[in-house]
Amino acid sequence: MGEMSPIRNIVILTGAGISAESGLRTFRATDGLWEDHRVEDVATPEAFRRDPALVQRFYDQRRCDVLAAGPNAAHAALAKLDAGWDGELLIVTQNIDDLHERAGARRVLHMHGEALSVWCLACDARHHWEGTLLDGPPCPSCGAIAMRPDIVWFGEMPYRMEEIFDAIARADLFVSIGTSGAVYPAAGFVQQAAQHGARTLELNLERSQGSHWFDESRLGAASVLVPEWVDEVLGA
Ligand SMILES: [Zn+2]
């Protein structure tokens, strides 16, 4: 990477592929199923209105799965990059697990919400949460029984988009790790980064629908590709 202008600002987008190696499965665009549930039955506001118990039980289980999983070598490498990188860095993740943070990364933004966060619809407070919601626990802030998963469902606006777009506009390098390139708005980030003059790199298990937008695609397991790439960037 040495022959071009120096990199100062990096935006990294991570997706399902990086958590899959930690044993966490997620929504599959190929068949529309997530842990054998149709996504419209568990991951939409309509589903929550229609059958809140099913949705709460589903996310109670996802919370359990996240707590039982651990970060892998790809998460650890990104945490090392975060610690060693003096320029701007933003890790935008589509994943709802906290494996980036548990690996030690600090500059992480969860655009699709977090499994270990709950949101009170009565008072708007958010709380770190490791237990269940199916049993209707009261909100620690206001006492109301009105908490839902703090997850961006299909049909809802992803979190902190302005902040993401600002970071992409300043980025010299945009890296996409383990995402299919199929779900907008994240799928459009690479095009936006390229328009602003950033170099673009994809690290993915296989060629994605969005591969042709990237300057470079490296194919393989995130737990192998990400540590190699981080060592290149840090000049190790
Ligand atoms: Zn509340």
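The model is predicted: local features need pLDDT of at least 70, side-chain atom pairs count only at pLDDT 80 or more, and totals for chains, interfaces and linings use all residues. Residues are numbered from 1 along each chain as its sequence is written, and side-chain values use heavy atoms, with hydrogens and water left out.

**Stop 1: the zinc ion**

Select the zinc ion, then Cys120, Cys123, Cys139 and Cys142. Their SG atoms are the protein donors, lying 2.3 to 2.4 Å from the zinc ion. (Donors are N, O and S atoms within 2.8 Å of the metal, or 3.2 Å for Na, K and Ca; water is not among the atoms, so sites may look incomplete.) What is the arrangement of the four donor atoms? It is tetrahedral, because the angles they subtend are 105 to 112 degrees. (Four donors count as tetrahedral if all angles lie between 85 and 135 degrees.) Along the sequence, the spacing of the donor residues reads C-x2-C-x15-C-x2-C.

Keep Cys123 and Cys139 selected. This pair links distant parts of the chain, 16 residues apart. Cys123 is in the loop between strand 6 (113–120) and strand 7 (126–128). Cys139 is in the loop between strand 7 and strand 8 (147–151). (Helices, H or I of at least four residues, and strands, E of at least two, are DSSP runs numbered from the N terminus.) Cys123 counts as partly exposed at 33% relative accessibility, whereas Cys139 counts as buried at 3%. (Buried means under 20% relative accessible area, exposed over 50%, partly exposed in between, with a 1.4 Å probe and protein chains only.)

**Stop 2**

Zoom in on strands 6 and 7: three bridges join them. Val118 stands opposite His127 in strand 7.

**Stop 2: strand 9**

Select residues 173–177. Five of the five residues in strand 9 are buried. Leu173, Val175 and Ile177 cover one side, Phe174 and Ser176 the other. Five bridges join strand 1 (residues 10–14) to strand 9, running parallel. Another five join strand 9 to strand 10 (residues 199–204), also parallel. Now pick Leu173. Ile10 stands opposite Leu173, and in strand 10 the bridge partner of Leu173 is Arg199.

**Stop 3: the aromatic rings**

Select Phe48, Phe58, Tyr59 and Trp153: they form one aromatic cluster. (Rings of Phe, Tyr and Trp, the latter by its six-membered ring, pair if their centres lie within 6.5 Å; planes under 30 degrees apart count as stacked, over 60 as edge-to-face and the rest as tilted.) The rings of Tyr59 and Trp153 have centres 6.2 Å apart and planes at 45 degrees, so the pair is tilted. Tyr59 is in helix 4 (residues 52–68), and Trp153 is in the loop between strand 8 and helix 7 (161–170), 94 residues apart. Tyr59 is buried, at 2% relative accessible area. Trp153 is buried, also at 2%.

Arg148 lies over the face of Trp153, at 3.8 Å from the ring centre. (A charge sits over a ring if NZ of Lys or CZ of Arg is within 6 Å of the ring centre and within 35 degrees of the ring normal.) Finish at Arg126, which lies over the face of Trp119, at 4.5 Å from the ring centre.

Notes: Four donors count as tetrahedral if all angles lie between 85 and 135 degrees; four count as square planar and six as octahedral if opposite donors are over 155 degrees apart and all others between 65 and 115; anything else is irregular. Two strands pair if DSSP finds at least two bridges between them.
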